[in-house]
Amino acid sequence: MNILFKSLVLSFYRQRTGFFFVVLLLAFGIMSSREHLALAALIMGNFLALGITGLLWAAYMGMAGGYCITLLHQKNYQFVRETYLLPAHVRWRLWLEVSAGLSAPVLTYGAFILVTGLQQRAFVACTLLTAILLLLLTGTAFLLERRTRIPLDSFGAVSRKAVLALPFRRKASWPLWTLEWLFRERGISLLLTKTMTFVLLAGVLPYYTPDTYDLRFPAFLFLVLSLLHIGLCRELFYWEHTVWSWQRSLPHSLLQRYSRLLLVLALLLLPEIFLTLRYGNLSATEILQLSLFSLSLVACYYTTLLVANPPLEAISGRLFAAFVAITFIILYHTPLSLAAVSLLVTSGLLFRKYPLPE
Amino acid sequence: MLRVTHLRKSFGKHLVLDIPEWEVPSGIYWIQGENGAGKSTLFRILAGIYSFEGEVWLQERYSLRGHPQDYRARIALAEAEPQFPGFLTPHDLLQFVSDTRKAPSGQCEALIEHIGIGNYLHQPFAACSSGMVKKVSLALAFLGRPELIILDEPLITIDTEARTALFHLIRESNAGFLLSSHQPFAPEEIPLSGAYRLQAHALVPLTLSAK
């Protein structure tokens, strides 16, 4: 990953986490996979729809490029101007990488539409779509490259307050602060995790029908989904253990602290529950069982981190063993609520040992 | 006031603290020690942040292990280099800790005024200087009704006005204090009750004239 990618692209996604989170919820929560296919077919079959799509993507790229140009005006980003000393082909490769990074959501959805267009044999539309994508990609790279060559009149003012301020008064709530920290500081981890889980749920849950399968099918899916939250658990651990270790000196009871932790994890898993309601042909009791099951799995993993702080490579073997064991528990028709309560009790007992040895 | 027995703390194989017995009555105590002697580690243990072997008692009634909530309600720590989440403001944190520590009505506002936090109360910590963050951390330590306040290097990075305000707060407070500082305290600034030196992993009493 080049330094431009790190300093511009990652910063863009970090700052726009909320926007992308809403896009993900709209893409997977409001629209079903069939509706996505229908939309792609419409875009490939109608030049007006293709034009509107191109304009929307151009607006998105304008937002992304505009954000980067604002950064390039700032004093702490002047090192980027050093790229001018590089040979042209190296410079262009770097800027194309940046542009591809910024346009990743557009490119991904564009590829999906392109595949649909090829299936429809809409070759003219496919050519136009490819041209639009290439134009956006190279156009953004060109704008950014050109921007670094134009001297500035002055440095742009950096208002940290404006970047960080909320439009309303923040509530004094540890769980909400934790989620806000995740959105602000660990947006990329949050986006990646949620993208993976949303794709998984939207891709697999529609195939579940109670006549063909029983609850073991979604239970296994939720086991995988919980496993995908390992990265976020690590981030939460960093928050609790490092960013704000001082809060451990505050007089909160064990029950308060544990219920606060469960609340944060439950709020994190809420979008997946929403998607399960949208895609899964499941009853309320089944969804409740699945929610409790995934919460208990994530809570158990998180409390293991709190009391043992093992490096990921050290815990991967144990994680795999736990994954296999829980798969067997699911396969042998163990009631999910029973498994969930057992895991929650284990997690609660582990939590009592916190603070952990340094 | 504070009693520590068989306290041991290691980071991996590196032993930092080994205090068989230590007891301090109520008063203001200066804890001295070289850089890396373990003062901050000791303070974090006493505040309930770090795990440890042994036992810590406050007022002979509240054990850190046995009564974690009651104990923590009576002890407060202002760290040497405090770190708070950058997106929060002093107002957010003061409000949260006031609620948590059940601070008496008006106490928070009085501390804000006294220490001089008012002009950046709604500015995120990320945009505050280290001195501004330090002043908030000192104000947080006085919130509620702590019986023992631990101030780790309280004088670093703060301005003269804040220093004077802090000494005034210490003199007026009914709480006991454990202070660490590489700078000596003048008797007219703080009436010290005693001093200890942290050396060879343990606390050694010092006579005040010898410090």
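A: Start with chain A: among its contacts between residues at least 6 apart in sequence, 87% join residues at least 24 apart. Bear in mind that this is a predicted model.

The largest nonpolar core has 124 residues, and the members touching the most others are A:L265, B:A139 and B:I150. Helix α14 of chain A (residues 284–308) gives this core its largest share, 11 residues. There's also a second, separate core of eight residues, with A:I43, A:M44, A:I113 and A:A122 among them. As background, nonpolar side chains tend to be buried together in soluble globular proteins.

Let's stay with α14(A) for a moment. This helix has 25 residues and reaches 36 Å from first C-alpha to last, close to the 36 Å expected at 1.5 Å a residue. Just after α14(A) comes A:N309, with a positive phi of about 45 degrees.

If you set aside its neighbours within four places in sequence, B:I150 is in contact with B:F43, B:L46, B:A47, B:A76, B:L77 and B:L178. Two of those names, B:F43 and B:L46, lie in helix α1 of chain B (residues 39–46), which takes us to the sheet.

That sheet is open, with four strands of chain B in the order β2-β1-β4-β5 and antiparallel pairing. Its edges are β2 (14–24) and β5 (62–63), each of which pairs on one side only. Further in, β1 (residues 2–11) and β4 (residues 53–58) of chain B run antiparallel and are joined by five bridges. To find your place in that pair, look for B:R3, which stands opposite B:W57 in β4(B). Helix α1(B) packs on the sheet and touches β1, β2 and β4 of chain B, its direction making about 60 degrees with that of β2(B).

Chain B has some strand pairing in the parallel sense too: β3 (residues 28–32) pairs that way with β9 (residues 194–199) over four bridges. Here B:Q32 has B:R197 as its bridge partner in β9(B). β9(B) also pairs with β10 (residues 202–206) of chain B, antiparallel over five bridges. β9(B) and β10(B) make a hairpin with two residues between them, and B:A200 in the turn has a positive phi of about 50 degrees. B:Q199 stands opposite B:A202 in β10(B).

Last stop, where the chains touch. The contact takes 27 residues from chain B and 23 residues from chain A. On the chain B side, the elements giving two or more residues are α2 (68–73) and α3 (90–100), and α3(B) supplies the largest share, six residues. By type, that side of chain B divides into 16 nonpolar, six polar and five charged residues.

Key. Residues are numbered from 1 along each chain as its sequence is written. Chains are lettered from A and ligands numbered from 1 in the order in which they are written. This is a predicted model: local features need pLDDT of at least 70, side-chain atom pairs count only at pLDDT 80 or more; totals for chains, interfaces and linings use all residues. Two strands pair if DSSP finds at least two bridges between them. A nonpolar core is a set of buried Ala, Val, Leu, Ile, Met, Phe, Trp, Tyr and Cys residues joined through C-beta atoms within 7 Å. A residue is buried if 20 or more other C-beta atoms lie within 10 Å of its own, exposed if 12 or fewer, and partly exposed in between; C-beta atoms are placed from the backbone. Two residues are in contact if their C-beta atoms, placed from the backbone, lie within 7 Å. Axes are lines fitted to C-alpha atoms, for helices over the stretch in contact, and angles run from 0 to 180 degrees between N-to-C directions. Ala, Val, Leu, Ile, Met, Phe, Trp, Tyr, Cys and Pro count as nonpolar, Asp, Glu, Lys and Arg as charged, and the others, Gly among them, as polar. The expected span of a helix is 1.5 Å times one less than its number of residues.
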